[in-house]
Amino acid sequence: MVNASGFFLGIDLGGTKIEIIALDSQGNEHFRKRIDTPKTQPAPTQYQDIIHAITELVKECEIALKQNSLPLGIGIPGSESLDTGLIKNANTTCLIGQPFRDDLSKTLNRPIQIENDANCFALSEAIDGAGKHAQSVFAVILGTGVGGGWVINKRLIVGPNHICGEWGHNPLPWPTEQDAFQQTCYCGKLGCIETYLSGPGWAKQTELEHQIKLNSKGILQQRHTLKAAQQSYDLYVERLAKSLASVINIMDPSVIVLGGDLSNIDSLYEDVPKVWGSYVFSDSVKTKLVKNQYGDSSGVRGAAWLNKI
Ligand SMILES: [Zn+2]
């Protein structure tokens, strides 16, 4: 689409809120608004209300900017089926099975880019965030789940299966006796990386291995006074380091950007690179491990950048 205005609209559609942003090509914000995600029932009504809410947000934004038909990208917590174009794997479940892109394209009268939220995060950080100077960026979400996305030369890499960067459902590499307690992942496999490195996975693993009930926050608060908490943190560092090392061995990224709740653990950026050298197949590791720049705003900014090609 020709974008003479120089504006890019992004929408982050989540289970609790819908946010819109308008960026210019330099990444400056010109409009932003956040509303609650409609919660009407039954599901088909909620779906229609979401379509309506997004349409109204776009109209309001374009009136404020005195523009129309601006390019629009949307980040969703799910993905489109490659076979049918219908939404799958969305935790806003009323979207599942719906022709979301077609419906919105009709009501807004323009083509729309849609990507999952991990890919939007990756794009945001690679284009003008923590990875903006890097040639290749692997962006990692460490939150309630573990996901990721690849951006090379500021282009999102989307493979034929649309699963690029889904390292969370690979097995934990180089397992030892200390990794013997394996959890069953929701995907059906045993011992996925996500079951060790997501927030809930780490808490459960800590309970299995150290018989203490602490979430990640509790582990961090108590690690200097409680030996089991320190052991749990050290294991987390070791597991994150070797899981990332196996990615580095395949794609050799310039920068790895962490996002999600657990990316706020500042000590990881020092501790993990001290360990990953033991696993990376190289005499030295130049890859940088950095914290995201845009935090909660990365999803909506990345959605806007879906049209920045
Ligand atoms: Zn899994």
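How are the donor residues of the zinc ion spaced in sequence?

Analyst: In sequence, the donor residues of the zinc ion follow the spacing H-x15-C-x1-C-x4-C. A word on the source: this is a predicted model, where local features need pLDDT of at least 70, side-chain atom pairs count only at pLDDT 80 or more, and totals for chains, interfaces and linings use all residues. Residues are numbered from 1 along each chain as its sequence is written, and side-chain values use heavy atoms, with hydrogens and water left out.

Now the donors themselves. The protein supplies His-169 through ND1. It also supplies Cys-185, Cys-187 and Cys-192, each through SG. These donors lie 2.1 to 2.4 Å from the zinc ion. Donors are N, O and S atoms within 2.8 Å of the metal (3.2 Å for Na, K and Ca); water is not among the atoms, so sites may look incomplete.

Next, the geometry. The 4 donor atoms subtend angles of 103 to 122 degrees around the zinc ion, so the arrangement is tetrahedral. Four donors count as tetrahedral if all angles lie between 85 and 135 degrees. Ideal angles for four tetrahedral donors are 109.5 degrees.

Cys-185 counts as buried because its relative accessibility is 6%. Cys-187 has 35% relative accessibility, so Cys-187 counts as partly exposed. Buried means under 20% relative accessible area, exposed means over 50%, and partly exposed lies in between (1.4 Å probe, protein chains only).

For contrast in topic, take strand S11, residues 255-259. There, 5 of its 5 residues are buried. Strands (E, at least two residues) are DSSP runs, numbered from the N terminus.

Note on methods: Tetrahedral: all angles 85-135°; square planar, octahedral: opposite > 155°, others 65-115°. Helix = DSSP H or I, 4+ residues; strand = E, 2+ residues; numbered from the N terminus.
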